[in-house]
Structure formats: structure tokens, C-alpha cells
Amino acid sequence: MTKMSQERGIFSRLLSWTVRSPWTYRVLLPLIEAANLKEQTYAFKIWVRYLLWMMRQGCSRKRKVIWMSAFTPVELAYAMDAVPILPEIVAALVSYLGRAPTFLALGDSHLSTDVCSFYRCALGLVLEDLLPPPDVIVSCSYLCDGANKFFSYLSKKYGCPHLLLDPAYGNGQGAVAYVRGQLHHLLEDMGSVLGQRVNLERLREVVRLSNKARTNAERVNKARMARPAPFPGSEGLSYVAGMGFCSPGSAWGVRFFESLAVDLNNRTKVKHGYLPQERHRILWLHHIRPYYRNDIFEFLSSRGVAVCFEEANYLYYPPLDPDNPLDSLVKKVLSNVWRGPLERRIQAVLAMVRDYKADAVIHFSHWGCRQSCGGAAVIGEVLKQRGIPYMVLYGDGADPDNNFPGQTRTRLQAFAEMLG
Amino acid sequence: MEEKNLYAGIDVGSLSAEAVIISESTMVAYSIRKTGASPLRAAQKCLGEALEKVGASKDNIRAIVSTGYGRLRIPFADMEVTEITCHAKGAHFLFPRTRTVVDIGGQDSKVITMDEEGNVRDFVMNDRCAAGTGRFLEVMASALEADLANLGQLSLQAKKAVSISSMCTVFAESEVISLIADGYKREAIIRGVHESISRRIFRMTKRLRVKEEITFTGGVAKNQGMVKALEGLFGVKLNIPPEPQIVGALGAALIAKEKDFRVV
């Protein structure tokens, strides 16, 4: 072994030890609290605290760790008193912190560069041993097929089971009973792996918390219908969407969305827009945006173009009933508009355009994402038929080396010019 | 000349820079030169040359609009507008019945649809790389040891095209060199290159609602082989401006006149 690789090994081990130590998060919490977060919303502070809690709990092994894919009902993890870790969300955070290239390079040694950069980055984090190992992995067969290949590999690497929620494509006859059966077995299997019995009372409480968070999220979304737009879409696509994925079923989610709802309602009461002058309103499609440093949203803002809402925060499922917790989760799974036929997503997009009074729509086309981008042209056709300007913006959510600032700027500017 | 009655548009592209001067009613001069390493220097020289042709100076200009990839680097411009808006505006001025513009520039190609007043309604651009652009043709000309200006004429001499499958500029260059080594005729290879680019552009148009008339702009529109290949795919005759390379700059000058934002 050369001196250089020895040094890199020591650094790598030190980094892993630091990131995996629960004490890191104990120390970080007061430091971050003391740092200048005055400009951020209180909800943002809750998000930061949640992340530190998640890592501390996972690293201290006080709770079992369940790795999950986005859109797998995260309530299942809270019902087991476990801590859920969503590698996509962690990868987005790493990209936001400007560290993605290091881990993408590691991930690229195992995966084709055509694979979604969030998973390539997450694999890099795994290879560097920076995440609390899972006791069990739970994912769903929708929306992202790549996720399951990734999780399947990880289950072998960590020697833990990979459980899959796999509903039928459509919502035809028998779909409810089928998914209910799947969720029931999933909970039993999770309980068996984690060495605990499924507690129905705990599941009811989790669904109650999830529903409370949903009610608050609904208030947030309603406030965002106001003109001028009270909240920037760039933040909607970062920590708000992150909490939408990670927190339902926990007290964190209730507090987060309640705080944000209060904040946004205060803004709308005084007609406080996030832009000094709002000229146009844009709906952003796809659940992600580029998280590394870029000037997409600053540029749109400079042109008076407000990203008033984003698909990522669309509440696609009906209120949950704590008295029927399993059926509520079944409905949540089956209501997912990004699962199954594209018509459901199209109807949701049209509803968002109407409710948020969007003048135009941008569909972010993330490199490697077949699920979302596969429908981009059809959605565009439907919107254009209704006279709604639409643009597909090509880019990469996590990999800054797959970013084309000049070309992106020209497209955005031409689109803004087109809106007048 | 003492009056302040001129408007200028400057299009600084990756390969060439163009300046167009217009008066209240007509285009009075233009200039084209290579961009080189400094977009600002290219813009200054281009504008200077165009002004010299009409015996005017910068003082005679009421407003300047910059466009093209170097548009942000022209501090003396009053406004910067994208080449998409400018090509639509310029094409509409030259051919008022234009509803679709195909522009192949140095590093990007775009298809723009517009309304009867020349306002952009939709557009698509090439994704990520320089395949299907002027730069692609330049590299192929170099690989074939042919003069870029003669590519069109050479391709028209070919009875059949040789299929070029690579669209990556670097890989296509290797493919072309291999084809030469395999003994294929240069003319047939050039025709194959034109057809390959045209197919790519035509595929882009499928994402839009293309309507006639179609105007072909940008330096590549001077290439008769490309015009023929595109006309074959579209099945209609394309409008070719007398000087296709200056349409973006012309559009910029027209916008300068429309805005007339400089207080005299």
C-alpha cells in the first residue's frame, strides 16, 4: 500500500468514525442552534433538528434502523419505533453540502453512470461506511425500479433482509385487499426481523400523527395558493419535500407542518410574497431539483418568475383514519398519482395548475430518472393543448458535473421571455 | 452622420459574432467575424466594422441589444435577449409568414415555433452536447480535409449517402476517418454527415407543433447539402435568408428598436 492510499484510508476511517458517532450530533445540535439561523423559518430549524435526531438515533443503535425508499409508507418504520433512513434524501443533502462528487466517484465504480445520481451518491456513502447500517430494508416497487436494485445489493452487503411492497399496476378490483395483505405481511416480517410484535395501538397512534401532519401540510399548501406566492419553490423542493417523505407518522412531522402553516398564513394575511415583484407563476414538476450550487431559482426570481408550487408537495392521498390504520395506509399507497397509468399524474398536474394559478410549467428532467421523465412529453402535450406554456429542463439533481449552467440559463431566459 | 437614429443588434456565438445596424425602416449594414477568445473584443470589432460601412459611430446608435452565448459579456449593450427570441424576431422580419425557425448555430441547434407576430410560442434545443451543430460540421470538414464552405456543394455531388451512426462529435470524427480509410468517397461521407444532422434536427421538431412556413437560419443554412437534407425530411421548401448568419443579430436590432429604451 502506498503512503498516499494509507493517508486516504486513515482520513476515510476518521470521517466514518466521526459521522457514525452519536456524539457528533449531540455536539452539532447546540452549535447549529447557536449558528445564524435567524433568517430561516422555524420549520427549517425543526428539519435540522430532525436530521440530527435521525442520525443520532441511528448511530447510537438505541432504535432499530430501517432503510426505506421514498414513497414507501414511512409510518411503517415509526410503528416499529425504528428510525427510517431514506438514502435518496441523504444523498440530496450531501449534494446540497457540495460533497456529492467524492461519493459519486465511489458509486460510479459499482454502478453505470446512467443510473440516477442520488443512488450513485448514496452507494458512495455506503462504501465509505458513513451511514448507520440497516437492520432491515423496506422499499416499494413504485416509482423507481433502480431503487430496488440498489437496495437488493445493500441487503447482501449488510446481510439484512430486503422487504418489498409490490402493489399491482392499476387500482382495479382486488387492489385494496391485495395491498392490505401485503402491508400486513410486511409488518409481520418487519416485526419478526426486528424481534418485536406489531403493536396495533402504536400503529393507530402513528397514523393519527401522520394524519395530523397531513392536515397541517394541507394548510401549508392552501396558503401557497395565495398571490403573491408566499414561499419559494426552491425550499419547497428541499426541506419541505424532505419532511414530506421522512416525517409522516412522527411528532416531528406534526410540528414541522404546523409551524410552516402558521408562518405562511401570517405571510398571506399581509400579502407578503417571497419575490419583490411577482410577474409570472411557475409550477415545478418532478420531486427534485438540482441540490448542488446553481443559479436556477435565483435567475427565475430575478425575472419575477415565482415557483409557486411543486409536484413534490402535492397531497395525493385522502385523510387517514386512525381507527383503521392499515386501510388508511392502503389508501395512501393506492392514491399515489405517480404510480400506475400516467392519466392520474396528468389530472393531478392540471389540478395544481388550476389551484396555484400557474401561468406555466417547468418539468425538471433528471438524468437517469425514467419514471418521471418518461411522461414529460405527454404531460407537455396536454398542457400545451390548454395553452399553458411548458418546458422540459434537462439536468441532474445530485451530480454537479452533469450540470450545464450556460445552456440551462439560455433555456430559462428564453422561457421567461416567452412568458413576456 | 449626426443623427441618433440607428439601432444595433450584436450576436456573439461560440464560433462567430455578427452585428447588424438598422435604421427606422431598414437594415443598413452588417458585419460578421470569428468570435475568437474574447466575446467582448469580437462584439466591439464587429459593431465598429458595421458602423464604418455606413459612416456612423456609436453616438448615432439609440439602443443596442446583445444576444448569443456571449450576450452577458457585452457591457455596452442596453439589454441582453436570448438567441431564441432574436431568431424568431429576425425570421419574422425577413419572412413574415414564418411559423417555425430551424437555427443551427456553432454550439447549439434549436427549433422555434412562433405566432403571426413573431412571438415565440415554444422551442426545443439540442441536449447537452454539440452533436448536430456547426461545430460538428467544422470538425467533420477538418477530418475530411475539406473546406467548410464547400461541404454543401461536395455533398450534392454524391449519388448516395454513407450512413454515419455516431452523433458524438469525437466518435463521429473517428468514424469518418475509418470510412475514408475504408475507401468511401468523401462526397458520400459528407452527404451522410448532413443527413445524420438533419435527422437529429427533424427528431427535435417532433416535440413541437411545427407549422409552415419554415425558415432556416444560422451559418449552417448556407450549406446547400444541409438545406437539401432538411427539405427532404420536412417535405417542404425552406425559407433561406440572403445572409442566414445574421438573423439573430437582426432580431436583436429589431428588439432594440421596439424597446427604444435609451433616453435621448
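**A strand and its partner**

Which residue in β2(A) is the bridge partner of A:I66? The partner is A:P84.

This is a predicted model, in which local features need pLDDT of at least 70, side-chain atom pairs count only at pLDDT 80 or more, and totals for chains, interfaces and linings use all residues. Residues are numbered from 1 along each chain as its sequence is written, while chains are lettered from A and ligands numbered from 1 in the order in which they are written.

**Strand β1 of chain A**

Strand β1 of chain A covers residues 65–68. Helices (H or I, at least four residues) and strands (E, at least two) are DSSP runs, numbered from the N terminus. β1(A) pairs with strand β2 (residues 83–85) of chain A in the parallel sense, over three bridges. Strands pair if DSSP finds at least two bridges between them. β1(A) also runs parallel to strand β3 (residues 136–140) of chain A, and three bridges join them. There, A:M68 stands opposite A:V138.

In a regular strand the side chains alternate between the two faces of the sheet. Both faces of β1(A) are covered. A:V65 and A:W67 are buried on one side, A:I66 and A:M68 on the other. A residue is buried if 20 or more other C-beta atoms lie within 10 Å of its own, exposed if 12 or fewer, and partly exposed in between; C-beta atoms are placed from the backbone.

**Chain A as a whole**

Chain A has 18 helices and eight strands. Its C-alpha trace spans about 60 × 60 × 40 Å along its principal axes. Of the 420 residues of chain A, 48% count as buried.

**The nonpolar core**

In soluble globular proteins, nonpolar side chains tend to be buried together. Here the largest nonpolar core has 207 residues. Such a core is a set of buried Ala, Val, Leu, Ile, Met, Phe, Trp, Tyr and Cys residues joined through C-beta atoms within 7 Å. Among the members that touch the most others are A:C121, A:I282 and B:I10. Helix α3 (residues 42–60) of chain A gives the most to this core, with nine residues.

Leaving aside neighbours within four places in sequence, A:I282 is in contact with residues including A:L300, A:V305 and A:I362. Contact means that the C-beta atoms of two residues, placed from the backbone, lie within 7 Å.

**Chain B: domains and interface**

Chain B is divided into domain 1 (6–86 + 246–259) and domain 2 (98–240). These bounds come from an automatic or database domain assignment. The domain centres, taken over C-alpha atoms, are 26 Å apart. Their contact takes eight residues from domain 1 of chain B and 11 residues from domain 2 of chain B.

Where chains A and B meet, the contact takes 11 residues from chain B and 10 residues from chain A. On the chain B side, β8(B) gives the largest share, three residues.

Is B:E187 buried or exposed? B:E187 is buried because 22 other C-beta atoms lie within 10 Å. B:E187 lies in helix α6 (residues 186–205) of chain B. Not counting residues up to four places away in sequence, B:E187 touches B:L154, B:S155, B:Q157 and B:A158.
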